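The following paragraphs accompany the coordinates shown below.

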Amino acid sequence: LGGDGRYFNAAAAQTIIKHAAAAGFGRVVVGRGAIMATPAMSALIRRRGLFGGLIMSASHNPGGPDEDWGIKFNAGGGEPAPERVTDAIYGFTQGITTLRAADIPDVDLSKVGTTKFGTFEVEVVDPVSDYLATLAEVFDFPAIAALIARPDFSMVFDAMHAVTGAYAGPILVDALGADPASILNGVPKEDFGGGHPDPNLTYAAELVARMWAPDAPTFGAASDGDGDRNMILGSRFFVSPADSVAVIAANAQAAIPYFKAGLKGVARSMPTSGALDRVAADLGVPFFEVPTGWKFFGNLMDAGKCSVCGEESFGTGSDHVREKD
């Protein structure tokens, strides 16, 4: 259980815990502060073999008392619930006549540790650690750290006061050695600082201004409310979502240890440009075009046919998890 830090998440987490206890669950694993980025939830489920996870988020929509709130279920493979599951959930709701909640006090979600209530327990975990462990298995951290340390390289990452602000310090600064000053809007806020955490040229205006300044950094990036969509910028240069996935695929085998044996295949959503098609043809790997919706990529990954994928709305990922990452 966790979410993007938006308004109502903390209160909802306590309600969900009490309903879970009443429903007969033995344990709930929750991110400290009720925080958990969407790809981190997928990694947590997969690494710990959990039944599934609830993500409290409305993605890139604004937050606050008068704005959006949402919740979604990820299944045991870490993937978004397929339609057969969501349809079954909807059908079940049609017959609900009683809501049961355990008569237990709120759990202190600010500290890592386990709280027990008889046979039911709540384990509060660091929302970063399992995800960071997964990333360290995928990427060449020493090579990335060496790049960040180079005097001719500079970067800025805009968390947009959303969930990735909780991850930027431990990953970019502590693990990879980036300057703390390179993190922009790095404190998660219930209303996202009054902003709209949609990583595009309109809503990430502060980052765009920085990247088009005379002393622009070499590399810039932003992510959305729940941390599963991204925008990449170069110095006075915008990288389209279609080009992002093509660049990743073109360089994956040489630069990313997870893909050293080669790519199983690549895929893109239908509205995305044909850049990835060209890369697939050049590499001689299978290529797939799918309808919009991450579940279609997940089907290919589960079938062992896709390593790298991307969609038109700034989502890229691979089969290390089952969410955009």
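Arg229 is buried, as is Asp198, where buried denotes a relative accessible area under 20%, exposed over 50% and partly exposed the range in between, with a 1.4 Å probe and protein chains only. The model is predicted, so that local features require pLDDT of at least 70 and side-chain atom pairs count only at pLDDT 80 or more, whereas totals for chains, interfaces and linings use all residues. Residues are numbered from 1 along each chain as its sequence is written, and side-chain values use heavy atoms, with hydrogens and water left out.

Side chains of opposite charge can pair when their charged atoms come close. Arg229 and Asp198 form such a contact through their side chains, a salt bridge with an N to O distance of 3.2 Å; the term requires a side-chain nitrogen of Lys or Arg within 4 Å of a carboxyl oxygen of Asp or Glu. This pair links distant parts of the chain, 31 residues apart: Arg229 lies in the loop between β9 (219-223) and β10 (230-234), and Asp198 in the loop between β8 (183-184) and α7 (205-211). Helices (H or I, at least four residues) and strands (E, at least two) are DSSP runs, numbered from the N terminus.

The structure holds 18 salt bridges. In one of them the side chains of Asp228 and Lys324 meet at 3.7 Å, N to O. The two residues are 96 apart and link distant parts of the chain, with Asp228 in the loop between β9 and β10 and Lys324 in the segment after β15 (316-318). Asp228 counts as buried because its relative accessibility is 4%, and Lys324 is buried because its relative accessible area is 12%.

Another salt bridge joins the side chains of Asp302 and Arg322 at 2.8 Å, N to O. Asp302 belongs to helix α10 (residues 294-302) and Arg322 to the segment after β15, 20 residues apart. Asp302 is exposed, because its relative accessible area is 53%, whereas Arg322, at 7%, is buried. Salt bridges with shared partners also join Arg27, Arg48, Glu123 and Asp130 into one network.

Strands of a sheet pair through backbone hydrogen bonds, either parallel or antiparallel. An open sheet of three strands has the order β2-β6-β5 and mixed pairing; two strands pair if DSSP finds at least two bridges between them. From one strand to the next the twist averages 20°, with axes being lines fitted to C-alpha atoms, for helices over the stretch in contact, and angles running from 0 to 180 degrees between N-to-C directions. Five bridges pair β5 with β6 (residues 120-125) in the antiparallel sense, and Thr115 stands opposite Val122 in β6. Helix α1 (residues 9-22) packs on this sheet and touches β2 and β6, its direction making about 145° with that of β6; contact means heavy atoms within 4.5 Å.

A further open sheet of three strands, also with mixed pairing, has the order β1-β3-β4. Here β1 (2-3) and β4 (71-74) are the edge strands, each pairing on one side only. Strands β1 and β3 (residues 53-56) run parallel and are joined by two bridges, with Gly2 opposite Ile55 in β3. Helix α1 lies across β1, β3 and β4 and runs at about 155° to β3. Helix α2 (residues 38-48) packs on the sheet as well, touching β1, β3 and β4, and its direction makes about 170° with that of β3.
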